[in-house]
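Subject: Structure handover

Hello,

Here is the structure we talked about, with my notes below it. Please read the notes with the model open.

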Amino acid sequence: MKYLIISDIHGSTLNLKNVLKNESFDKLLLLGDILPHGPRNDLPLSYNPKEVISILNPLKDKIICVRGNCDAEVDDMVLDFPILSLACILYNNKHIYLTHGHKYNSKQPLNVENSVVLYGHTHITNVEYLDSNIYVNIGSISIPKDNIACYATLSNNVLEIKNVNGEVFKQVNL
């Protein structure tokens with residue numbers, strides 16, 4: 001099973017199209033902030049929320065999504081997949097929690113053990129080991145604050161954070 005993990009699309013099609021074209025995957029994990037760009041962000045390049053909807057809705061059977069701080073109830077009305085508040089998947093006997101990062105992150109941890117927590121929100125890639133948990137911020141695909149638009153893949157017990165050209169720059173063995 002290969003997971004493609006994307007956070008903070010913010011209505012931009014530019015990198016979303018490239019990543020979906022170049023990565024094969026079984027499941028797409030979306031870590032929030034799908035359509036709106038938010039009041040603190042400049043408009044991202046290729047801002048087109050309606051096109052993001054048309055790209056993602058056909059993939060609805062492959063998507064697990066959590067709600068970001070910019071996502072709203074109106075987004076639920078146009079997306080064909082649910083936006084949840086928190087999700088968890090079981091991957092090779094390890095719990096992987098999906099959250100956006102505005103409520104739960106390495107500074108405000110979940111009360112879990114021996115788990116992986118994936119999030120975005122800050123738009124800055126980061127890996128932290130806290131107690132028995134691994135907290136991974138995969139950054140942002142559209143408005144990176146560290147100048148690296150990125151996403152992640154998970155397969156064969158390896159989480160790889162890649163730039164939008166598919167080059168791995170961080171790797172975590174689970």
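Which residue takes a positive phi in the hairpin of strand 7 and strand 8? D131 does, with a phi near 55°, in a hairpin that has two residues between the strands. Bear in mind throughout that this is a predicted model.

Strand 8 and its neighbours

Strand 7 (residues 126–130) and strand 8 run antiparallel and are joined by five bridges. Strand 6 (residues 115–119) also pairs with strand 8, but in the parallel sense and through four bridges.

Strand 8 covers residues 133–137, and five of the five are buried, so the strand is largely enclosed by the rest of the structure.

Y3 is placed opposite K27 of strand 2.

Helix 1

In helix 1 (residues 14–22), the buried residues are N15, L16, V19 and L20. Viewed down the helix axis, these buried residues fall within an arc of 125°, so they line one face of helix 1. Their packing partners are strand 1 (3–6), strand 2 (27–30), helix 2 (49–56) and strand 9 (150–155). The exposed residues K21 and N22 are on the face turned away from the buried side.

Salt bridges

The count of salt bridges comes to six. One of them joins the side chains of E23 and K2, at 2.7 Å from N to O. E23 is in the loop between helix 1 and strand 2 and K2 is in the segment before strand 1, so this pair ties together parts 21 residues apart in sequence. E23 and K2 are both buried.

E23 also forms a salt bridge with K162, where the closest N and O atoms are 2.9 Å apart. This pair links distant parts of the chain, since K162 belongs to strand 10 (residues 158–163) and E23 to the loop between helix 1 and strand 2, 139 residues apart. K162 has a relative accessibility of 9% and therefore counts as buried. For E23 the relative accessible area is 9%, which also makes this residue buried.

A further salt bridge is formed by R67 and D76, with the closest N and O atoms 2.9 Å apart. R67 is partly exposed at a relative accessible area of 25%, and D76 is partly exposed at 31%. Salt bridges with shared partners join K2, E23, E160 and K162 into one network.

Regards

Note on methods:
Residues numbered from 1 in each chain as written. Predicted model: local features only at pLDDT ≥ 70, side-chain atom pairs only at ≥ 80, totals over all residues. Heavy atoms only, no water. Buried < 20%, exposed > 50% of the residue type's maximum accessible area, 1.4 Å probe, protein only. Arc of directions from axis to C-beta. Contact = heavy atoms within 4.5 Å. Pairing = 2+ DSSP bridges. Salt bridge = Lys/Arg side-chain N within 4 Å of Asp/Glu carboxyl O.
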